Amino acid sequence: MTTTGGKSVQTVVASTKHFLGNLLYERRYRVNTSEKLNLDSHDAENICYVPVGWRQLRRALPPRLLTERDVFADLGSGMGRAVLEAAGTYRIARVIGVELVPELHEIAQRNVAGTSRRLRCRNIELVCADLREYPIPDDVTVVFMNNSVRGSILATVLGQIVASRSRRPRALRLLYCNPVEEDAVLESGGWRTVRTITTRRAPWPYGVFRLYEWPADAS
């Protein structure tokens, strides 16, 4: 197979198509979410910003699974791509994005305010906060994480989810992209794996979406 700088031609072509597709999509909807960023606030537990692929949410979490009573929370929302995708895809009660870095939070605010995309959910809340100090709202039913935190921070976040469910027992879904600490998720509560989507050829767990459910009647 022909290679270019260690990469196959096939890989280069796929990467180019992906880049151009993102560029055209963002120009169409007047947003800016594509740039990968590693800022001073990012470290081994607060992971650098990498945007989730457009349209991948609906593959991993089909719209038919959600209703107007659901509330979607993106923990580590960056520039707001998943927030916009959720608001544009699902007819739900509310979408929340929580981001640690003020610069990314401000870009997300501009993206939400200036997008030309038709949003099915107009109730969007963007919060600039440290996830270690952010209590999960008790109406949240879907949590999304794009491998935004690891280690002790992830453990705290999982504890916040458990605490919220204890305050208000309900069914929960967790959509975890690049689930590098899946064991921590499964050990934190009554989660069960219900769906796995692989978006590209890459070593496990990169490019993988795992959807977990914690039924209302489970302990």
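Reader: What percentage of the 219 residues in the protein chain is buried?

Author: This is a predicted model. A residue is taken as buried when its relative accessible area is under 20%. By that criterion, the buried share of the 219 residues is 49%.

Reader: How many helices and strands are there in the protein chain, and in what order do the strands of the open sheet lie?

Author: The protein chain has six helices and nine strands.

Reader: Are the two faces of β4 covered or open, and which residues lie on each side?

Author: In a regular strand the side chains alternate between the two faces of the sheet. In β4, six of six residues are buried. Both faces are therefore covered, given that buried means under 20% relative accessible area. One side carries Arg94, Ile96 and Val98, and the other carries Val95, Gly97 and Glu99.

Reader: In which sense do β3 and β4 pair, and which residue stands opposite Val98?

Author: Strand β3, residues 71-75, is joined to β4 over five bridges, and the sense is parallel. Opposite Val98 of β4 stands Leu75.

Reader: What is the bridge partner of Phe144 in β7?

Author: Strand β6 covers residues 142-145 and β7 covers residues 172-177. The two run parallel and are joined by four bridges. Within β7, the partner of Phe144 is Leu175.

Reader: At about what angle does helix α4 run to β5?

Author: Helix α4 comprises residues 102-114. The helix lies across β4 (94-99) and β5. Its angle to β5 is about 165°.

Reader: Why is helix α3 described as largely enclosed by the rest of the structure?

Author: Helix α3 spans residues 81-89. Among its buried residues are the charged Arg81 and Glu85.

Reader: How far is Arg58 from Glu85 in space, C-alpha to C-alpha?

Author: Arg58 is in helix α2, residues 56-60, and counts as partly exposed at 33% relative accessibility. Leaving aside residues up to four places away in sequence, Arg58 touches Pro63, Glu85, Thr89, Tyr90 and Arg117. Although Arg58 and Glu85 are 27 residues apart in sequence, their C-alpha to C-alpha distance is 8.5 Å.

Reader: Is Asn146 buried or exposed?

Author: Asn146 is placed in the loop between β6 and α5. Its contacts, apart from residues up to four places away in sequence, are Val50, Pro51, Val52, Cys177 and Asn178. Its relative accessible area is 15%, and buried means under 20%, so Asn146 is buried.

Reader: Which residues are closest to the centre of the second largest pocket, and how many of its lining residues are charged?

Author: The second largest pocket holds about 220 Å³ of space. Of its 13 lining residues, the closest to the centre are Asp70, Thr141, Ala171, Leu172 and Arg173. The elements giving two or more residues to this lining are β7 and β9. The lining has four nonpolar and two polar residues, and the number of charged ones is seven.

Definitions and conventions
Residues numbered from 1 in each chain as written. Predicted model: local features only at pLDDT ≥ 70, side-chain atom pairs only at ≥ 80, totals over all residues. Heavy atoms only, no water. Pairing = 2+ DSSP bridges. Contact = heavy atoms within 4.5 Å. Axes fitted to C-alpha atoms, helices over the stretch in contact; angles between N-to-C directions. 1 Å grid on protein atoms, 1.4 Å probe; cavity = no way out; pocket = protein on both sides within 12 Å on 5 of 7 lines; lining within 4 Å. Points joined across faces, edges and corners; volume = space filled by probe spheres on them. Buried < 20%, exposed > 50% of the residue type's maximum accessible area, 1.4 Å probe, protein only.
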